[in-house]
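Biologist: Let us go through this structure by question and answer, starting with the overall fold.

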Amino acid sequence: MTSLGIDVGTSGLRGLLIGEDGGVVGSAERSYSATSKQQGWSEQDPTDWIAALNETVDELRQKFPSFSQLRGIGVAGHMHGATLLDAAGEVLRPCILWNDTRSHVEAARLDSTEGVRATSGNIVFPGFTAPKLEWVRKHEPEIYAKVHKVLLPAAYLNYYLTGDFVADMSDSAGTSWLDAGQRAWSDHLLNASNMRLDQMPRLVEGSEAAGTLRAKLQSDWGLDGAVTVAGGAGDNAASACGIGALNEGQGFVSLGTSGVLLAARDGYRPAPETALHTFCHAVPDRWYQMGVMLSATDSLNWLSRMVGKKPSELTAALGETIQPPQNVRFLPYLSGERTPHNDPEIRGSFTGLSIATTQEDLTRAVLEGVAFGLRDSFEALKATDAKLTDVFAIGGGSASRYWLQVIATLMDMPLKLPGSSEFGGAMGAAKLGQIAATGASIEAVISVPEVQAEIEPVRALSDAFEEKYQAYRRAYGGIKAIQ
């Protein structure tokens, strides 16, 4: 048998086919884009996800004959997106994405509502789903009146695959409608944002069966047997499954569009005052906490556009041996910030520029600024007694050894690089599909990958980076005061 992991990302969809032994059979992907009609808006057409899925499946079918033995599917998706469907199952408007901050006023009101933080375990961030629906209620009442179901991107793919409205716990925990401790929709949270239980999808664990692939798709895809679709996962929970981070002490730092520091937890320990996210994991009886910064590789991509060079060219110019931190400072708040500030309106800045500042100085400042932001999340996790001892580095930015050395030094903790290139959300989703289809134990399928290298802290520079980090922390208040 084979299993298919589908990762619905912000910039594209990836399909990964694995065999019964967990080995990679092959992969395919298609890209698409988001639109921004106004500052702070970010939307996507769900039909783009479906088109990308169908093209990806067609390529996998053509290239890999074992696709016909497909028995399990898991879907991972970018979290928080509001996909609104009418009673006929048709999409009412473009999906409002995770990095859309238009609903910051609605988020602040919900966050201040009695019992919301205590029940959800989290601050209500503007990117979460509940405030988006409040924004639609205020500004698009004719659409709001037709809302029959609200689905996250992964749940929308589940609907396309199975014909059923079903979502998993890890993704649903980012809506501000789920009681993350009880792993159930909360009447209190729904009432606080003028929503109803019947507008929510059915909940399952990510490793459980959500349904069976629709007969038409089974026929169209040339499959010779029934296919189980798993509950799936939010993208970070899926990545944790891909990297084997299920237990206390395990986690990862992800240098993607956003920056994430994630720690698996063996119990529910919410700490909303830290601006950490405390979400259900994709498997039963486990949770995870993570700090999130909104612009990680996005910061480097922004600089690359400004100077007309590829991000890899910018980082290659620095070499692999880190230098002491410099006077040029970059605050990576290009799209606002989550952990630890929960500030959708703060914006990025350079300070300490001089006539002698070079392009390499700006690049180093960007890498250091993102690393300082991840250190903020590390400090927040330590405040919850999370003890990270086994941490992998993943995401596109992890290709820069310089960047990883800076992060390892700031956290005083080695970072592991996986030996395989397939360990992310698509792999985690495929493993969830395999578990749901076969009934295999979670521990037998989800395992830690081989380690190709460990990036050690440069302790000779620890004091210098610590001094600059403390200055970075103070800089937020000063910049905020003058913006």
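Biologist: What radius of gyration does the protein chain have, against the value for a compact globule?
Modeller: This is a predicted model. With 483 residues, a compact globule would come out near 23 Å. The protein chain agrees with that, at 22 Å.

Biologist: What box do the C-alpha atoms of the protein chain fill?
Modeller: The box is taken along the principal axes. Its dimensions are roughly 65 × 50 × 45 Å.

Biologist: How many helices and strands does the protein chain have, and what share of its contacts joins residues 24 or more positions apart?
Modeller: The secondary structure comprises 17 helices and 24 strands. Count the contacts with a separation of 6 or more. Residues 24 or more positions apart account for 73%.

Biologist: What percentage of the residues of the protein chain is buried?
Modeller: Buried means under 20% relative accessible area. Of the 483 residues, the share that counts as buried is 61%.

Biologist: How far apart are the centres of the positive and negative side chains?
Modeller: There are 41 positive and 56 negative side chains. The centres of the two sets lie apart by 3 Å.

Biologist: Why is helix H4 largely enclosed, and what covers its buried residues?
Modeller: H4 spans residues 129-139, and eight of its eleven residues are buried, so the rest of the structure largely encloses it. Among the buried ones are Leu133, Trp135 and Val136. Their cover in H4 includes strands E6, E7 and E8, and helices H2 and H5.

Notes. Residues numbered from 1 in each chain as written. Predicted model: local features only at pLDDT ≥ 70, side-chain atom pairs only at ≥ 80, totals over all residues. Heavy atoms only, no water. Helix = DSSP H or I, 4+ residues; strand = E, 2+ residues; numbered from the N terminus. Rg over C-alpha atoms; globule rule 2.2 N^0.38 Å. Buried < 20%, exposed > 50% of the residue type's maximum accessible area, 1.4 Å probe, protein only. Contact = heavy atoms within 4.5 Å. Lys, Arg positive; Asp, Glu negative; His and termini not counted. Charge placed at Lys NZ, Arg CZ, Asp CG, Glu CD.
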